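Please open the structure in your viewer and keep the selection tool at hand. The stops below say what to select next and what is there.

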Amino acid sequence: MQIRILKPGLHTTIQDLGRTQYLSQAVPISGALDPLSARIANLALGNPETTAVLEFSYANASFSCLTDILIAYAGGGAVLMASGEKLPSRRAIFLPAGTVVSLVHNDNGVRTYLSIAGGWDVPQVLGSRSTYLPAAFGGYEGRLLKKDDLLSSSNTCTSATLRMLHELRGESVRSTSWGISDRFLKPGEKNTLRVFPGREINWFEANSIVSLFAEPFRMDLRSNRMGMALKGPQMKRKVREELLSTAVCPGTIQVTGNGEMILLMADCQTTGGYPRIAHVAMADLPLCAQLKPHDQICFHLIDLKEAEDLYTEQEEELKRLVRAIHTKI
């Protein structure tokens, strides 16, 4: 199965669930900013959850099908259209050769994930197919996709995927009669992020800590896959000592020297010297990936045990979803 990129869009890369085995060598995790949507897109096709997907930021992208293909997509950044018709999300879709697919703006989020039967065929680098742009490795030649790039699927389709392909193959666009409910993409309230205290939260004045959980913040334009700047009340320090570089990871909220906060994302560095005031619960990281510049957010304080329970509950629900899908197909 093969497609040609006609319009790459603002920021399109190949991602999977990232590389976690090389943090000690200062290699970031990378991977899908919204891993939940990426996993849903794969599950709808019967792919393993770790299979490589395309990550589109916003819309204004398009591709043509050079062969018959079987795809699925999830995430709030765009709606896929073909021949003037909206393609249903979170379900397997057969597209005959010659079909042109466009991504049209959707107000629900920023990022959209496109899976293909068998996954996108790019080499593994350090155990992952994810693109890490700052070092130009992984994904498709370590870069953003551009016009006329040819992308092919691997030949490692599961038996479930092959059954769907056999069922849907034909002369026109067709999709399965079943799909995955969007409730699986809503781990919490869209504009409320659940966080637990960071190691250095007591370095800050009491009024700042109160503001962190009582006042709204806005996503700044200065945001990318490495981190998202937050505009809001200034976090004032009462401890003036400097922090030695220490471990950080996606979800860590650091406070810069001028009191502004940065929410670290998938391509973030592995260590940092700014104090860590809080950390977003892993279950809510997918919500961060779908926040647009100027979106307003609030932080809700939980403890570490609650964060662990939220993640465990989310994983158990996904396991139940996998069992249900296998029963269906």
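## A loop to begin with

Select Glu-141, which lies in the loop between strand 10 (111–116) and strand 11 (150–152); helices (H or I, at least four residues) and strands (E, at least two) are DSSP runs, numbered from the N terminus. This is a predicted model, in which local features need pLDDT of at least 70 and side-chain atom pairs count only at pLDDT 80 or more, while totals for chains, interfaces and linings use all residues. Residues are numbered from 1 along each chain as its sequence is written, and side-chain values use heavy atoms, with hydrogens and water left out.

Although Glu-141 is not a glycine, its phi is positive, at about 60 degrees. Glu-141 is also exposed, with a relative accessible area of 60%; exposed means over 50%, buried under 20% and partly exposed in between, for a 1.4 Å probe and protein chains only.

Next select Ala-26, in the loop between strand 2 (11–15) and helix 1 (35–43), where another residue other than glycine has a positive phi, near 70 degrees.

Now select residues 53–57, which make up strand 3: five of its five residues are buried, so strand 3 is largely enclosed by the rest of the structure. Val-53, Glu-55 and Ser-57 point one way from this strand, whereas Leu-54 and Phe-56 point the other way.

Strand 3 runs antiparallel to strand 2, to which five bridges join it, and Thr-12 has Phe-56 as its bridge partner. Four bridges join strand 3 to strand 10, again antiparallel, with Arg-111 as the bridge partner of Ser-57. Two strands count as paired if DSSP finds at least two bridges between them.

Move on to the open sheet of six strands, antiparallel in its pairing and ordered 7-6-9-4-1-11. Strand 7 (85–86) and strand 11 stand at the edges with a single partner strand each, so one side of each is left without a neighbour in the sheet. Within it, strand 6 (residues 78–82) and strand 9 (residues 100–105) pair over five bridges, and Leu-80 has Leu-103 as its bridge partner.

## Two nonpolar cores

Finally, select Ile-253, Met-261, Leu-263, Ile-277 and Phe-299, the residues with the most contacts inside the largest nonpolar core, which has 34 residues. Such a core is a set of buried Ala, Val, Leu, Ile, Met, Phe, Trp, Tyr and Cys residues joined through side-chain atoms within 4.5 Å. Helix 4 (residues 285–289) gives the largest share of this core, four residues. A second, separate core of 29 residues includes Ile-3, Ile-14, Ile-93 and Leu-114.
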